Amino acid sequence: MLQISDMTQGTANFNLSHPRIFADLAPVFSAVAEGQCVALLPETFAPSALLDPDPVLGPQVGVTSSGSTGSPKLSWRTWTELTSNTRTLGESVSLKWASPYRPETFAGCQLALQAWVNGTIAVSLSLTPNEAWRQLLSHDITAVSCTPTYLYLLFLYPQAKNWEPIQITLGGEPLTTAQGQLFAARFPKTRFTVIYASAEHGVLLKTSRIDGWFESSFLTEHREWKLVQGELHLHTAGGWIATKDRVEEEGSLLRVVGRADAVANIAGQKYSLALISAAAEKCRSVLSARAGTEPNPITGEIITLNLTFHPEIRGQQQLAALAAVQEALRAQLPKPAWPRRWIVAPPVLGQNSKEFSPCATPS
Amino acid sequence: MSDPAEKIINLVLSIQRRNGGILTQLDESLPLLAPELGLDSLDLAEVVACAQRESGRSPFDEAQPPRTWAEFLQCCKSQT
């Protein structure tokens, strides 16, 4: 039985746990397997009110997401669902896992459970790359679960040269085609899984493709869904709900582009930041792009664009690549949606992000 | 390294060339959205964003917002 000293008494219906690392989830899983409900909360989160789990659904784990408001939000996932997402056959059973995901999140909890059911390890990775590499190598990690951005950061370090993991699972943010190609080329023997999931809805899409697209059949098998003006809607017991994720459909494939509610308000007109990012990512030189906003006294807001070019594009080549991206976006987007501030992330370790002064931009 | 005013002037000229203009010098006596420059409010927003980064403040935070480019550049100089 779960020791009460390991957790805080929540309500009559569930207990609370504040895991710091994946190892802290072991007693939680044991307790839930025996029929308890346990909510996982960040250490700093002091809940004023938490939604009780539905007792009809049996043992459950409450996982935390940041939510669109930035305040932690608890979602209950059944033990049946969580364990059905684990693999207990074949090579998966011996994988030694590592991830920077927080243990109270859906992704972190799912990964830790994968290790727990198979009796292997799950290491909570540092967000500092050098420390993360020390952990990966000292624990002989064979499987990593992380965002594409985090994997790319690891990839830039010299330790990546001789590292050949068996499994890499990507999620947490859209994977661009360019990123996928880069990773596939660098890790040709590694098995990739790309997941689109959330604390509220669980795993919605899963694929071994590494081009940013998912087979829609996976979603269709598990859910009733539709796209409404490019936003994914799911049918639940409570009716249709909007996921706030913008999704593109091409034949039998789906691609998550970004958040549907991430919009810029330029002189009273709204523009989707996800679409602007996606337009930039279609440029061959661009590895990834993230559109954002900043306040402006003339138009209310302007659009900013953070770009990461392919690693081989350096120095003066970046100026030319940037000019090409700017020209492409100006041709595709309405004028209010043009980015007005451009920030290029470093292609190699040790360089700071460069803000491209308009004076440096070829006209 | 060019000073903030020079950067702003270069940006204004770059934008007006982007819009099909051929000016190589900025007549600082012109109003901010003078037809001769071919800039619209969206272009001006881009210049203001540049000025904010260079000087740390927007020229339009002043009690008297600038009406000409001379006043705009003066605001930027006084804020640095």
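## Close-up views of a predicted model

**Figure 1. An open sheet in chain A.** In this predicted model, five strands of chain A form an open sheet of 5 strands in the order 12-16-15-14-13, with antiparallel pairing. Strand 12 (214–215) and strand 13 (225–228) of chain A stand at the edges and have a single partner strand each, so that one side of each is left without a neighbour in the sheet. Strands of a sheet pair through backbone hydrogen bonds, which may be arranged in either the parallel or the antiparallel sense.

**Figure 2. The pairing of strands 15 and 16 of chain A.** Within this sheet, whose order places strand 16 beside strand 15, strand 15 (residues 239–250) and strand 16 (residues 253–259) of chain A run antiparallel to one another and are joined over 6 bridges. One of the facing positions is that of A:E249, which stands opposite A:L254 in strand 16 of chain A.

**Figure 3. The hairpin of strands 19 and 20 of chain A.** Strand 19 (residues 286–296) and strand 20 (residues 300–309) of chain A pair in the antiparallel sense over 10 bridges, and the two strands form a hairpin with 3 residues between them. Across this pairing, A:E294 stands opposite A:I302 in strand 20 of chain A.

**Figure 4. The largest nonpolar core and the surroundings of A:V286.** The largest nonpolar core holds 112 residues, among which A:V38, A:A112, A:I276, A:A280, A:V286, A:L307 and B:I8 touch the most other members. Because domain 1 (4–212) and domain 2 (265–360) of chain A both give residues to this core, the core lies between them. When neighbours within four places in sequence are left aside, A:V286 is in contact with A:A178, A:A280, A:E281, A:L307, A:F309 and A:V325.

**Figure 5. The contact between the two domains of chain A.** Chain A is divided into domain 1 (4–212) and domain 2 (265–360), and the contact between these domains takes 6 residues from domain 1 and 7 residues from domain 2. On the side of domain 1 of chain A that touches domain 2, the residues comprise 4 nonpolar, 2 polar and no charged.

**Figure 6. Confidence along chain A.** The pLDDT of chain A averages 87, and 89% of the residues score at least 70. Over residues 1–6 of chain A, however, the pLDDT is below 50, and this stretch has 11 contacts in the model beyond near neighbours in sequence. Residues 357–363 of chain A likewise have a pLDDT below 50, with 20 contacts in the model beyond near neighbours in sequence.

Key
Residues are numbered from 1 along each chain as its sequence is written. Chains are lettered from A and ligands numbered from 1 in the order in which they are written. This is a predicted model: local features need pLDDT of at least 70, side-chain atom pairs count only at pLDDT 80 or more; totals for chains, interfaces and linings use all residues. A nonpolar core is a set of buried Ala, Val, Leu, Ile, Met, Phe, Trp, Tyr and Cys residues joined through C-beta atoms within 7 Å. A residue is buried if 20 or more other C-beta atoms lie within 10 Å of its own, exposed if 12 or fewer, and partly exposed in between; C-beta atoms are placed from the backbone. Domain bounds come from an automatic or database domain assignment. Ala, Val, Leu, Ile, Met, Phe, Trp, Tyr, Cys and Pro count as nonpolar, Asp, Glu, Lys and Arg as charged, and the others, Gly among them, as polar. Two strands pair if DSSP finds at least two bridges between them. Helices (H or I, at least four residues) and strands (E, at least two) are DSSP runs, numbered from the N terminus. pLDDT is the predictor's confidence in each residue, from 0 to 100.
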